[in-house]
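Work through the exercises below with the sequence and the three-dimensional view side by side. Try each task on your own before you read its solution.

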Amino acid sequence: MTNVQEYSTIANCEPGWSIEHCHRAIEISAVFEGKGIFSAENTSKEIQAGSIVLIQKNVDHSFRAITPIRFGVLMIEHLPEGTKSFFEQLITTNQTKIISLSTYELYWYKSLFKNWLRTISRPFLEEKHLLIKNWIGILLLSLLQNAHVEEEIFTISQAADFIRNNLDQDILMKYLTEQTGLSESTFRRCFKEEYGISPKQYQQQYRLAEAKWLLRSSERSFQEIGEYIGFSSVHSFSSWFKKCEEINPSEWRKRQQTGLL
C-alpha cells in the first residue's frame with residue numbers, strides 16, 4: 001500500500017500561485033479557505049471554501065489561487081479495499097468532479113482531516129494498514145454523506161451559506177433564485193421563515209459580526225476590513241458601521257482595547 005503520509009498535507013498558497021500536474025494517485029483536494037480556479041478536461045471552474053475537487057489518476061489538471069487559499073490535500077495511489085466504492089460513488093463516471101460542503105459540513109470535514117494528519121504523524125503499530133483504511137473510509141464517508149453536486153439546486157440554508165461566504169459581494173438575488181429554483185418573492189418568504197430576517201438583513205448582520213471580529217482580533221486597517229466585507233472605501237465602511245453601532249470603528253476598536261465595551 002502507498003505511504004499516504006507523503007500525500008496528505010494542508011497547503012497554504014498566496015494569490016497568483018499556480019500548479020499544473022498529473023500523477024498516478026487519486027486526489028481529493030478540499031478548499032478550507034480562499035478562492036481559486038481549477039482546470040481540467042478543457043474546462044475551468046472557480047473554487048472556494050467548501051469546494052471539494054475529486055480527480056482520478058493520470059488526469060492533467062491545474063490549480064490557481066485568486067486569493068490566499070488553503071487546501072487539505074489527500075492523494076492515494078491505491079485505495080484500500082472496502083473504500084473504493086465510496087470514491088466511485090462520489091466521482092461517478094467522471095475523470096474530475098467538484099462537489100461542495102456547507103460551512104457547517106466543511107467545519108467537520110476539516111476537523112476530521114486535521115485529526116487524520118495528527119494520526120498518521122505518529123509511529124504506527126502493527127495494525128497501521130487497518131488504521132489507515134478506517135481513516136480513509138471515514139473521510140470518504142463524510143464526503144459521501146454531506147457533499148452536494150456543484151450544479152444541484154441550493155436549499156435555503158445553502159443560500160445562507162453562500163451569503164456568509166461572500167460578504168464582499170452584493171447579494172445577487174437573481175443568482176440565488178436561480179440556484180434555489182424559486183421565484184424572488186417565494187425565496188424571500190422562505191428565507192424569512194427560516195431565519196426571521198430578509199436576505200439583505202442577514203448579510204448585514206454577518207458583515208457587522210465579521211467587522212467587529214476583525215476590529216477586535218486583528219491589526220488590519222479600516223480600508224482592508226471594509227473591502228473584506230464589501231465596502232469600496234473607508235468612508236462608506238465607517239459611515240455604515242457608525243449607523244449600525246452609533247460609534248465609528250476607530251472609537252469602537254479603541255474601547256475594545258481599553259476594556260470600555
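**Exercise 1. Leaving aside its neighbours within four places in sequence, which residues is S39 in contact with?**

Solution. Taking contact to mean heavy atoms within 4.5 Å, and leaving aside neighbours within four places in sequence, S39 is in contact with S44, D60, H61 and S62. The model is a predicted one, in which local features need pLDDT of at least 70 and side-chain atom pairs count only at pLDDT 80 or more, while totals for chains, interfaces and linings use all residues. Residues are numbered from 1 along each chain as its sequence is written, and side-chain values use heavy atoms, with hydrogens and water left out.

With a relative accessible area of 18%, S39 is buried; the cut-offs are under 20% for buried, over 50% for exposed and partly exposed in between, with a 1.4 Å probe and protein chains only.

Finally, look at the side chains, where S39 and S44 are joined by a polar contact of 2.6 Å. A polar contact is a pair of N or O atoms within 3.5 Å; within protein, one must be able to donate a hydrogen and the other to accept it, and residues adjacent in sequence count only if both atoms are side-chain atoms.

**Exercise 2. Is H61 buried or exposed, and which side chain does a polar contact of 3.0 Å join to that of H61?**

Solution. Begin with the position of H61, which is in strand β7, residues 61–65. Its relative accessibility is 2%, so H61 counts as buried. The polar contact of 3.0 Å joins the side chain of H61 to that of E27, and a polar atom of the H61 side chain also lies 2.7 Å from the backbone oxygen of V59. To complete the surroundings, and not counting residues up to four places away in sequence, list what H61 touches: among them are I19, E20, H21, H23, F38 and I55.

**Exercise 3. Where are N58 and E246 found, and what is the phi of each?**

Solution. N58 lies in the loop between β6 (51–55) and β7, whereas E246 is found in the loop between α9 and α10. N58 has a positive phi of about 60° although it is not a glycine, and E246 likewise has a positive phi of about 60° without being a glycine. As background, most residues other than glycine have a negative phi. For accessibility, N58 counts as exposed at 53%, and E246 counts as exposed at 72%.

**Exercise 4. Which residues of helix α10 are buried, and why do they line one face of the helix?**

Solution. In helix α10, residues 249–258, the buried residues are P249, W252 and R253. Seen down the axis of α10, these buried residues fall within an arc of 95°, so they line one face of the helix; the arc is that of the directions from the helix axis to the C-beta atoms. Their packing partners are α7 (199–217), α8 (222–228) and α9 (234–245). At the N-terminal end, α10 is capped by N248, with a side-chain oxygen 3.2 Å from the backbone nitrogen of S250.

How values were computed: Helix = DSSP H or I, 4+ residues; strand = E, 2+ residues; numbered from the N terminus.
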